[in-house]
Structures are given as structure tokens and as C-alpha cells.
Amino acid sequence: MSEEIVVAVSGINAVDNPGPGLGVIRSLKEDSSLKIKAIGLAYDAMEPGIYLDWLVDKSFIMPYPSSSEEDYLARLFYIKDVTGLQVVIPTLDAELPLFIKGEQELKSKGIETFLPTWEQFELRSKQRLIEMAPRLGLSVPPTEQVSSYSDLLKALDRIGFPAMVKGLFYKAYRVHTFAEAEGAFYKIVEEWGYPVLVQKVIQGEELNVVGVGDGEGGSLGMMAIKKLWITSLGKIWTGVTIKHEVLLESSQKFLRETGWRGAFELECIATDDRIYLIEINPRFPAWLYFATGAGINLPARLVKKVLGQPVETHSEYEAGRLYIRYTYDLVTDMDVFQKIVTRGET
Amino acid sequence: MEKLKRLAINEEGFIFDPVSGNSFTTNRVGLWILQKLKEGKTPEEIISELPGYFEVDAETAERDVTDFLEQLRHYKLI
Amino acid sequence: MKEPYEKPLIKKVQVGLSNKFGSVYGRHLRPEIDGVPISDLVSRFGSPLFVFSERRLREKYRQIYQMFSTRYPNVHFSWSYKTNYLDAICAILHQEGETAEVVSEFEYEKARRLGVPGSEIIFNGPYKPISALKRAVQEGALINIDHFDEIYDLEDIAEELGNSIKVGIRLNMDTGISPQWTRFGFNLESGQALDAAKRIVSGGKLILSGLHCHLGTFLLEPRAYAKAIEKMVDFAYELEDNFGLKIEYLDIGGGFPSRNRLKGIYLSPEIAVPPMEDFAEAICDTLLSKLKPNDFPKLILETGRAIVDEAGFLITTVHASKRLPDGTRSYVVDAGVNILFTAFWYNFKVELEEDIPGPAEPCIIYGPLCMNIDVVAENVQLPPLPRGTRLIFSPVGAYNVTQWMQFIRYRPAVVLVGEDGQVDVIREAETLDDVINRERLPERLVLKMS
């Protein structure tokens, strides 16, 4: 076993809309060739990861990414001083702009990341998605960007129901009526601001690909799944690995075309005759442990790549591996809670 | 002051109310005032004692203790 | 030995809201502006006080000018008067080489009075009174036409003066951003702009020599500018090919963002606002790729906010503190929304003159007006502030000292910190005389007090 590596991971909020952080940490800890000290980056004292001491070794409360860049980076530098932090894996959409723009400054202080470039990150935007999808052999559902309630109504007139009302970073609501659309619109605006996207709902099979791009057009591994059962929030509860050749080929093309660096998730819907690209998520999905369990430990590969260690890059897995999410009850005393609310760290 | 007596207060300023299940945090001066209240001191006594322990003038002490008591009332702790 | 004091506070730990930062971080200090202590400024000029930094203003202009001029050979900046038409601010930018971009007869007169020749004024806007238009024509100003009626007005003036007038037309177009500003100028996609050009050519009295557009305000999408340039160049060549005229300038207007935090945008401005280079690159690269070889029409920029916003600060003083019934801490300061108009759009940076101990909590800052709308800042993380604490709001250099209004109180002084640290008043604080000078009290209403 090699030297201890200190890795900070955000999104340790394993709640009804879980963040990817705990899956990332669990994957890192299961790689026998890595010795990981896992730092949890939390935004609230009640994020469950703070209390799961067999996964998260130490947690820190972070300023919100919407606060100033200076404050956020100062907090990371403090964590570096306290823990010897070497690598950060941000897993929440709202954090990514900050980490991508701050990459050089973090690097200069000895904190490594492995993230898409700003240009790659912007590919998620609706307009770029529309431009890129055909080059990958994929389609895009009709989508409109709206910045006012009256624009929303006009967009819904054109797109029809059911429709998806989505925030730029987070949240997507499936709506069937103008009233539902209005509710979803204001919920998104209140929390995440403008603009809001309105997208036609495509009926079909929900297929997803998780992977890591090597930054040079190649892959550090990828895996495709079909969601079998989703919760009322649209989150996967059970799923199955699949070998969908067209989808995997499109994913390879995606990496080749963009030179993508870092984690990604492609959300797609397959109908009889085509595959629609719904979203490119420039980070790990919350279910990424599925890939680890199926033999492709993407977080461990990412960390090894960052540290310049030899990395496996194969994408060999069996179709038909099953994923079952479950809940778990933890009972503890108030010590950790007290520490995190009074000191901001455990 | 019965409500105050039931509170579990640690030295870092973490407060837990075992009846309501609510938690609070306070700072050093807040902690000091809470201890005095628990000892049964009146607001007037606390205001007059505060400048003896901390670098603060009498007028600010009066204003701030009054505001702090207002906060405690807001949280239904007194 | 007494212990250091901080105001006593107690906070309920709320699940989902228990984030203790920015209480530790998020406390920003500004003890001075360009080397001049805040306390000096207030003791000399009072509070509230607008403070402009000459150094920041000049530096910003030079930076932005350089970004464009190193990418395109024929660049010209015109100072957007409506953003800030204080003489001193305009004079600095004219010294730097900007001409004047005005949108009313008042701004036109102000620029002329300051010494700007008519030939160095761009006259824009939807309302140009005939007399102002005539003066502008006689003095050689560059006029960008907003609507058909203005074409007729200008033709009448040309006839009256007996010579032809060089003009530009303002365009509006779809560049993929929303809202699309369709109320100004002639629409490109509908063919209205082409109709306007045809009309101008057939009239024979005006010479169409420029295209103008202005896409919106605080735009965060450099690609929208690239799209606009693309469409303008295509349209310019269409006109040149069909009507045998020469488009000498492309005026892309302004609308560029400053590092201000727009309400409703989640990310901090350092992240959300693209650097000005991105806009310069989008505009200039598109120009160079679309233009024919050796054709370099003048590129005009009317950027206001991006140049002046970050050069302006407002110093305020805490007059009172109050805890609201819901437990929120609030403060009353001496500057209200009547002098800080952009408080309706932005969440300003709020800085402290000096560090104040104690944990920060989210606060509301109210102005002095006896009006419920007078909220200067919401949800600002501040430690418990004693009376008399100075808060510095920024950036406030754009639009405030033009859109402010006298209401209930006198408007405060505006000072300029020079590059050598010298401080000059560039607008005096108002007095009762300023307010009553224009009033007339009919004799029969004069109060007879015994």
C-alpha cells in the first residue's frame, strides 16, 4: 500500500435527492492500491456524510459557491493547511464554474482537480447541445430558454404538454398543466435564478452513461445503464447495466470530439429509431458507485490519473448487473453535530 | 428562568433544549449572559456587571443585553 | 484583565440552513479608497458620500480599449453619457480619447458645454426633438436614426439647410438572447431595416454610412455580440452591393456587464460575469473573419457600465439597528434607494471600514426614507454593527449619479480621488436653495405667520 492521499469530495448529502459524494468516497476507499483520507465538503451541518465516519474521515462546512470566489478558495486553502489536501473532486453542478475558473490558483497551492475546461463545461448549454448532438449521431428534444413568465407561456404553447421545466444548474420538473409549469418555473427562479429551460418530453427508455474522459479524446472507462425504477424526484432507485453499442459509440465520439477531461454523465432517452441527448452532466452522477460495483472504479482511476500513476482504462463490464439503492438508519449522539455547528469542522 | 435551567450548554456555545429538541449556538458574551441568567441574576444586574468582565461601556452593555434578551424571547428560551 | 467584547448573539440551528459561513469568511474590509482613509473622506465631506477613483476609471478604460485595439485596427470608444454624466467623469474619459455618446438634447448640451465639439458627438435615442436634431446636424454630430419619423425629420432638415446629411441607422435583431430589445431601431429579420435603407437611399437627401445596434443591458453572453456583428457585417455588404454606398462604421453599442452581482443570478460575479476579453474576442474575431480583405470599417463601442461601475463607491453610516419580529437583524443607514437606484438590480458588495468582532448573521439594510421600498441591501452577512459604523457599497459608479432623485433629503456630495491621492469635490452636496430655487409661491399663498 502506498502513501496516504488526502482527497476532498463534496456532495456528501445522501438524502432523498442524493449527491454523488458518498459514492465517490466509497469507490476510492475500495481501491486496494490507494490509501485515501477522505475529506467531506458540506454545505449544511445535517449532510449525512458528516456522520458516516467509516467513509468520511473529516468534514468541513464550506461557504456557498455563490459567495465570493475569494472566500471559497480561502476555505479550501485553510483545509489544505489543516489536512494536507491534495485532490478535490467537486460533484455538485453549482460548484463547477468556481472550480474550473479557479483551477490554476488551486494548482499553484498544490490542490489538484481533474475537470473539464470552461469551453467543455459550456457544452451543456442548450444551444451547444443542439449544435453538438448531430455530430455524435444523437438528437435533441425541442428546448427553449425563457427568462420571464410570459416567455414561459409562449414556449409551452409551442412545445405542448407534458414538458420538462428545468433550471440551468439544478432541478427539473415534469409538468402537465400551465399551473404546474408556473409552480415549477417560480421554484427554479427563486432558488437558481434565470434563465429557465422548457423541454419537450420524449417518451422512451432512459439510458445513461457514466465515464471519465482523459482530456485527450480518450476514456478512462465508461459504463451504460438503464434506469429501471425512479423515485418521485426522478432519482434512480434500481437500474441495470447494458451494452448499448450505439450509445457507447456515441459516448466515445463525445470524448473524441470534445477532448473531454474529467467525469461526465450523458443522460439519454432511446426511442425506436433514435437516441435523444437530454443532458451532459460535467460530473459524476449520484449512482456512480454502480460502475465501481460492476468493476470500473472511475473515482480511483481519476485520482490515479491526477497523480500521474498508471491507470486502467478498460470499459469491460457485464450487461445485466443490477443496482439496488436502499436506505439505512444511523443513530448517534450530538458530539459531531455540536462540533460542526460551532467550529464548522469535525 | 425555569426554561433556561433545562438547557444543556457546552463551553463552545452549543445549546440544546431537551424539551423542544432545538439547538442553538451563541458566542462568548452570549454564553456569559446565559450563565448569569441561570444563576438567577436580573437583567439590571447583568448590565451592570458586564463592563467589569468585558471591554465594553455601560451604554453599549445596556443596549446589547436588551437586544440579547429580545433574541432569547424570540426563541422562547425565557 | 478584561476580555475583548463582542455583541452577544444567539442563533437557532436550522436544518437545511445551518451553514456558518460567510460568518467567518465573507467579512470584507475597505479601510481606504486609493490610499485615502474612509474616516478622512467622511470627516471632510460628510456621509453618505459618493467616491470615484480616477485611477480605477482610467485603468479600466485603458484595459478595455487595449483589449479591442490590439484585436482590430480601427476601434473607437464613445462615452455613454447616461451612465454617468458628471463633468469630471466625462472629462477624464474625453482626456483618454473617448468621444461623447448622448441620447437627449440635455446630454448633447452638457457635452458641448464641457467642450466636446459637435463632430465628436454620437446622437442616439428614440426621442430627438427637431431643434436638437438640427443643431446636431449643423455641428456635424453623428446621428443614428431610431425610426421612420426621424428619417422624415432629417430629410426636412437637409432640405432646409440645403445639404445632404450622413447618417447611421439603429438595428435590432435576434442574437439568441432574451429579452430581445425590439423597441429601438429597425428590425433586421423582418426586413424593416432594409426598407429603412431603401427609403433613405431613394430620398436622396441622407447618406447612409453607418450601422448601430445595442443589444441589451448587463449581457453575459459574448456569443450574442458575435452574432450581432455577423448580422451587421452581412447587412452592411448587402447594402453596399445593392445601393452602391459605403458603410463606414459599425457601432455595437454597449450593454457589457461590470463585476456587479445581478439579483437572480446564482453565481458570484467573479464566476458568472465573463471577462471583458471574451467580449473583445467575440466581437473582433467575428469582424476579422467576416469582413472582406482590407476592409476595416470603424468599430464603435459605447460601453458605459463596464468602464465606470467599479470606479464608484458609496460610503454610508449606520444610524440605528433594529431586530425585526422574525428575529432578523436590520440596520438603518443614511443612504436610500433614491440615491442608489441600482439597488433595485444588484446585490452590492458591502464592506466594513474596519473589522468588527462577533459572528456574522444575515441582515437587511434599510435606507433613511420613510418608505417601505427603501431596502438598500438584503441578506448581507454582517457582524453586529455598532451605531456609526461605516459601510462601503460597491460597485455603484454606473447609473446612480444620473438616475438618483432628490427625495426627502438632500443628495450627498460626490468626490473624486485623484491619481496622486488628492480629493476633489466634483458635485457639491445639495442645500435647501438647490431644491427651492425653481419653486415659485404665488403671492396669495404666502403664509402670514404672526
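Mentor: In chain C, helix α5(C) passes helix α6(C) in a right-handed crossing. A crossing is right-handed if the near helix is turned clockwise from the far one by less than a right angle, and left-handed if it is turned anticlockwise. Helices are DSSP runs of H or I with at least four residues, strands are runs of E with at least two, and both are numbered from the N terminus.

This is a predicted model, in which local features need pLDDT of at least 70 and side-chain atom pairs count only at pLDDT 80 or more, while totals for chains, interfaces and linings use all residues. Residues are numbered from 1 along each chain as its sequence is written, with chains lettered from A and ligands numbered from 1 in the order in which they are written.

Two packed helices are described by the angle between their axes and the distance between the axes. Here α5 covers residues 130-138 of chain C and α6 covers residues 148-161; their axes come within 10 Å and cross at roughly 55 degrees. An axis is a line fitted to C-alpha atoms, for helices over the stretch in contact, and angles run from 0 to 180 degrees between N-to-C directions. The pair α5(C) and α6(C) is therefore oblique. Angles under 35 degrees count as roughly parallel, over 145 as roughly antiparallel, 65 to 115 as roughly perpendicular, and the rest as oblique.

Next, the residues that meet. From α5(C) come C:Ile130, C:Leu133, C:Lys134 and C:Val137, and from α6(C) come C:Asp153, C:Leu154, C:Ile157 and C:Leu161. Contact requires C-beta atoms, placed from the backbone, within 7 Å. Sorted by class, this contact has six nonpolar residues, two charged ones and no polar ones. Ala, Val, Leu, Ile, Met, Phe, Trp, Tyr, Cys and Pro count as nonpolar, Asp, Glu, Lys and Arg as charged, and the others, Gly among them, as polar.

Elsewhere in chain C, the peptide bond from C:Ser47 to C:Pro48 is cis, with omega near 0 degrees. C:Pro48 sits in the loop between α1 (38-45) and β4 (49-53) of chain C.

How values were computed:
Two residues are in contact if their C-beta atoms, placed from the backbone, lie within 7 Å.
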